[in-house]
Amino acid sequence: MDEAARLSRGGMLAFASGSLGMGTWVTVPGLLLLYFLTDVLAVAPLVAGFVLLLPKIADVLLHPWVGHLSDTDLARRGHRRVLMMLGCGLPLAFAALFLVPGGLLGNSAAAWVAVAFIAGNLLFAAYQVPYLSTPADLAIGYHERTRLMGFRMVVLTVGILLSGVLAPMLAGKEDPTRSGYALMGLVLGASMLVTMLIGIGGVRRLTAAAPSPVTAGHGKAGLRTLLVALRDPQFRWLVGSYLAMSTTSHLVLAAVPYFAEYELGRPGLTTVLVAAFVAPALIATPVWVVVARRIGKQPGLLIAQGAFVVGSIVLAFGSAAGLPVLIGAVAVLGIAFAAMQLLPFSMMPDVIRASGADGTTRAGTYTGVWTAAEATGGALGPYVYAACLAIGGFVASSAGTEVVQSDTAHTMIRLGFGVVPAVLMVVAMLLQRRYTLDRTLR
């Protein structure tokens, strides 16, 4: 199959289904885990932030190492699916995150969550790294990679929307409880397993339809493979920008429950805000595919990043702006978020394929560094917001306990949701402008 050929819709849909499970893992802990720790398990904000941050530090080395194993698997077996099957243990770790034994509170509960989170991160890497290596493995061109990732983004958005809406409802809506969180972990964990298995079938179909002649090499794993990938200047600027974007989007997700409860006074609005953030992406994703075809991926991404900055600044005004305006601003963030998932993920295989044989033989390693950046952003975002809460003097509590927060805490809840994401996204834009490959490919 030459690089101008098109993939079947059925194969792309099956492949994209794997993102439903991955989307649940990224979204639900990002949305609820910090709140679960501070407002249900009585974990202090800074401790809760460390619980989310520290397990991710190992990911910087872990994900490239998993990528190396994936490349080795490709060389030995002709496919990467063995690691993906191992990664299907992720739903067990997801359920364990929220199945905290009833006698644990504070630091002991934090330790339980940290262990489950570490296990989940390893299993996530085992599935996600070979899964996201697939577009670089296929003999397809610049625009077809965007089309494939467009399918993935639409399905991923559905997964984020469903899990982001269902998770707070299963946890208890206006009055979340430990038992509610436990039920949520079990229900969503079961659905994750089904979709992850479908995704493996989709990878098999696509690699059979568009096999690449490139075979994986056998370099050493660990820090050396990470440095090799980062020595590619195009990849370095792209992954740096994506790290800033991932940090920003995960910060916003972690902040939503706090903003809904303490700024807007209605915990139930968490579901509304999540829907306002995610639902527009379903419509926006096909539009961004067209935009990328017309003007290129990087210009489209810069437009989206700028829109995200504007929407974030509006959110900094808090309840004074009025609920309809705030929902509209969140919708703008969601439209931008669609581009920030679609375009960088289709630019990453562009970099790998453009780097020649040396790059394509390390597709798993490149992807491992990429997912390490994504995982790091997933930890840094909630940690930065937890730091905002700590600076404001936010007081943690257990389920069913009412705490009156100080004016300073309310201010930091609002500014952490609006001003900080805007600043981080400006950093992402400055890094993104250093990436020059896109203009030579389109």
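How many disulfides does the structure hold? The structure, which is a predicted model, holds 0 disulfides.

On the α15 side the contact is made by V384, Y385, C388, L389 and I391, and on the α16 side by T408, M412, I413, G416, F417 and V420. Sorted by class, this contact of α15 with α16 has 9 nonpolar residues, 2 polar residues and no charged residues.

A second pair is formed by α1 and α6, which pack at an angle of about 155 degrees, with their axes 11 Å apart. These helices, too, are therefore roughly antiparallel to each other, but α1 passes α6 in a left-handed crossing. From α1 the contact draws on F15, A16, G18, S19, M22, W25, V26, P29, L33 and L37, while α6 contributes A110, V113, F117, G120, N121, F124, Y127, Q128, Y131, T134 and P135. By class, the contact of α1 with α6 has 15 nonpolar, 6 polar and no charged residues.

**A covered helix**

Helix α5, made up of residues 90-98, is mostly covered, since 7 of its 9 residues are buried. Those buried residues are L90, P91, A93, F94, A95, L97 and F98. Which helices are included in what covers them? The cover includes α1 and α6, together with α4 (81-87) and α8 (178-209).

V40 is buried, with a relative accessible area of 2%, whereas A42 is partly exposed, with a relative accessible area of 30%. Most residues other than glycine have a negative phi. The phi of A42, however, is near 60 degrees, a positive value in a residue other than glycine.

**Y262 and its surroundings**

Y262 is found in helix α10, which covers residues 233-263, and Y262 is buried, with a relative accessible area of 13%. Leaving aside residues up to four places away in sequence, Y262 touches D39, F394, Q405, H410 and I413. One of these, I413, is also among the α16 residues in the contact with α15.

**Separations along the chain and in space**

The table sets the separation along the chain beside the C-alpha distance for two pairs of residues.

| Pair | Separation in sequence | C-alpha to C-alpha distance |
|---|---|---|
| V40 and T436 | 396 residues | 47 Å |
| Y262 and V239 | 23 residues | 34 Å |

Notes: Residues numbered from 1 in each chain as written. Predicted model: local features only at pLDDT ≥ 70, side-chain atom pairs only at ≥ 80, totals over all residues. Heavy atoms only, no water. Disulfide = S-S within 2.5 Å. Contact = heavy atoms within 4.5 Å. Helix = DSSP H or I, 4+ residues; strand = E, 2+ residues; numbered from the N terminus. Nonpolar A, V, L, I, M, F, W, Y, C, P; charged D, E, K, R; others polar. Buried < 20%, exposed > 50% of the residue type's maximum accessible area, 1.4 Å probe, protein only. Axes fitted to C-alpha atoms, helices over the stretch in contact; angles between N-to-C directions. Parallel < 35°, antiparallel > 145°, perpendicular 65-115°, else oblique. Left-handed = near helix turned anticlockwise from the far one by under 90°.
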